[in-house]
Amino acid sequence: MSHADTALVLQRRPDGSVIIVEMDRRAFLATAGAAGAVAVVPLPDRVTPDVMTALSDRYDWHVRAGRVMPAETVSRLMKVDLEEISRVAGNVPTSFRPAMLTLASRFAEHLGWMRQEADDTTGALYWTDRAADFAHAAGWRHMASYALSRKAAIVLNTQPRHATELAGLVRKDRRLPAGVIAFAAGKEAEAHARAGNAKGAYEALDLARAAADRIDPDEPLPAPQMVATGALLDARQSRCDLVLGRPEAVITTLAPITAEWITPRSVINYGPPLAIAYAKVGHIDKASRVAGSIARSRQQCGSTGSLQDVRELRSALRPWAGRSDVDDVIAALST
């Protein structure tokens with residue numbers, strides 16, 4: 001089988017030594033669904049190309065785990081892995097050091113996502129800064145710039161003007177790949193909307209879509225979460241529309257694409273604006289139905305998602321408290 005079909009996995013033998021075994025990639029990624037039961041394996045004393053491949057496959061495993069497991073569980077495992085990577089990064093042969101630091105940056109960036117999912121803003125900012133530090137050390141400028149827009153994403157609800165500045169710095173850097181610019185412009189749009197600047201929000205959305213149209217499909221991305229798909233940009237626009245008082249536009253955009261939300265994570269990420277919009281225009285049956293899907297998805301993968309989304313959704317549903325379906329959903333969202 002090709003490497004695309006297989007994964008290299010670090011395993012500890014009974015004598016304590018570490019070996020590398022080859023596994024079917026799909027079977028290996030499937031174990032991410034039981035991440036909490038997986039033991040962390042230390043790195044062997046000697047770092048080889050196969051060890052580097054195993055670490056890259058381990059990163060893919062963490063990303064998969066982050067879609068189906070509680071953020072706290074994934075954070076714990078990633079933190080231990082990153083400590084191991086950091087421990088050996090300074091002692092690897094010079095030829096491996098940039099690759100090891102790049103891996104450390106990817107681990108730290110995803111750990112920042114998981115801390116944000118766990119509603120830990122301080123931890124999210126800390127690990128995102130670490131991702132930028134590792135990226136600077138590796139000479140990976142794209143990740144270092146992308147980290148600024150990740151920080152914008154973390155603070156846009158509480159510090160929208162600061163988020164606008166951070167994302168704008170990235171969006172204006174024409175030397176960056178189109179994918180990085182598209183992600184930054186999308187976050188800049190959300191931050192403008194939170195600050196009440198409708199003109200800035202929609203201008204930034206136009207820039208995000210224009211950048212997304214220029215993306216080379218072979219362009220390496222700093223993180224898998226930043227893929228600028230049409231659905232993702234529609235969700236960005238809907239968040240702006242919702243904040244700026246246009247719930248009907250949210251329904252027009254999101255209702256036709258609910259069938260594309262095929263994983264619990266996608267329901268958690270994209271469902272709240274639609275449910276809130278339905279509630280705001282008085283379609284409470286539809287709001288309750290979408291909110292129920294969000295509550296079930298959160299329970300299924302043990303994720304809080306964005307607690308800001310959950311708080312806003314509960315608030316939008318409260319005018320209909322007393323209806324049994326609404327009360328059940330509010331209770332489930334409060335768990």
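Thr263 counts as partly exposed because its relative accessibility is 35%, where partly exposed denotes the range between buried (under 20% relative accessible area) and exposed (over 50%), computed with a 1.4 Å probe on protein chains only. Thr263 is placed in the loop between α11 and α12, helices being DSSP runs of H or I with at least four residues, numbered from the N terminus. Its C-alpha atom is separated by 26 Å from that of Asp81, 182 residues away along the chain. The model is predicted: local features need pLDDT of at least 70 and side-chain atom pairs count only at pLDDT 80 or more, whereas totals for chains, interfaces and linings use all residues. Residues are numbered from 1 along each chain as its sequence is written, and side-chain values use heavy atoms, with hydrogens and water left out.

- Because 10 of its 14 residues are buried, α10 is largely enclosed by the rest of the structure.
- Arg239, which is found in α10, touches Glu190, Asn269, Pro273 and Asp309 when residues up to four places away in sequence are not counted.
- A polar atom of the Arg239 side chain lies 2.6 Å from the backbone oxygen of Asn269; a polar contact is a pair of N or O atoms within 3.5 Å, where within protein one must be able to donate a hydrogen and the other to accept it, and residues adjacent in sequence count only if both atoms are side-chain atoms.
- Gly245 follows α10 and has a positive phi, near 80°.

**Helix α13**

- Helix α13 (residues 284-301) has 18 residues and reaches 26 Å from its first C-alpha to its last, close to the 26 Å expected at 1.5 Å a residue.
- Its buried residues include Ile284, Val290, Ile294, Arg298 and Cys301.
- The cover over the buried residues of α13 includes α2, α12, α14 and α15 (324-333).

**Nonpolar cores**

- The largest nonpolar core has 62 residues, of which Leu55, Leu82 and Met100 touch the most other members; such a core is a set of buried Ala, Val, Leu, Ile, Met, Phe, Trp, Tyr and Cys residues joined through side-chain atoms within 4.5 Å.
- Helix α4 gives the most to this core, with 9 residues.
- Met100 is in contact with Val47, Met52, Leu55, Ile85, Val88, Ala89 and Val92, leaving aside its neighbours within four places in sequence.
- A second, separate core has 31 residues, including Ile251, Leu254, Val329 and Ile330.

**Aromatic and charge-over-ring geometry**

- The structure holds 3 aromatic pairs; rings of Phe, Tyr and Trp (its six-membered ring) pair if their centres lie within 6.5 Å, and planes under 30 degrees apart count as stacked, over 60 as edge-to-face and the rest as tilted.
- One of these pairs is tilted and joins Tyr59 to Phe107, at 5.8 Å centre to centre and 55° between the planes.
- This pair links distant parts of the chain, with Tyr59 in helix α2 (residues 49-68) and Phe107 in helix α4, 48 residues apart.
- Tyr59 is buried, with a relative accessible area of 2%, and Phe107 is buried as well, at 0%.
- The charged end of Arg58 sits over the ring of Trp61, 4.6 Å from its centre; a charge sits over a ring if NZ of Lys or CZ of Arg is within 6 Å of the ring centre and within 35 degrees of the ring normal.
- Arg150 lies over the face of Trp113, 4.0 Å from the ring centre.

**Partly exposed aspartates**

- Asp119 lies in the loop between α4 (97-117) and α5 (121-138), and counts as partly exposed at 40% relative accessibility.
- Phi of Asp119 is positive, near 65°, in a residue other than glycine.
- Most residues other than glycine have a negative phi.
- Asp60 is found in helix α2 and is partly exposed, at 31% relative accessibility.
- Asp60 touches Arg25 and Leu29, not counting residues up to four places away in sequence.
- The C-alpha atoms of Asp60 and Ala32, 28 residues apart in sequence, are 9.6 Å apart in space.

Methods:
Helices (H or I, at least four residues) and strands (E, at least two) are DSSP runs, numbered from the N terminus. Contact means heavy atoms within 4.5 Å. The expected span of a helix is 1.5 Å times one less than its number of residues.
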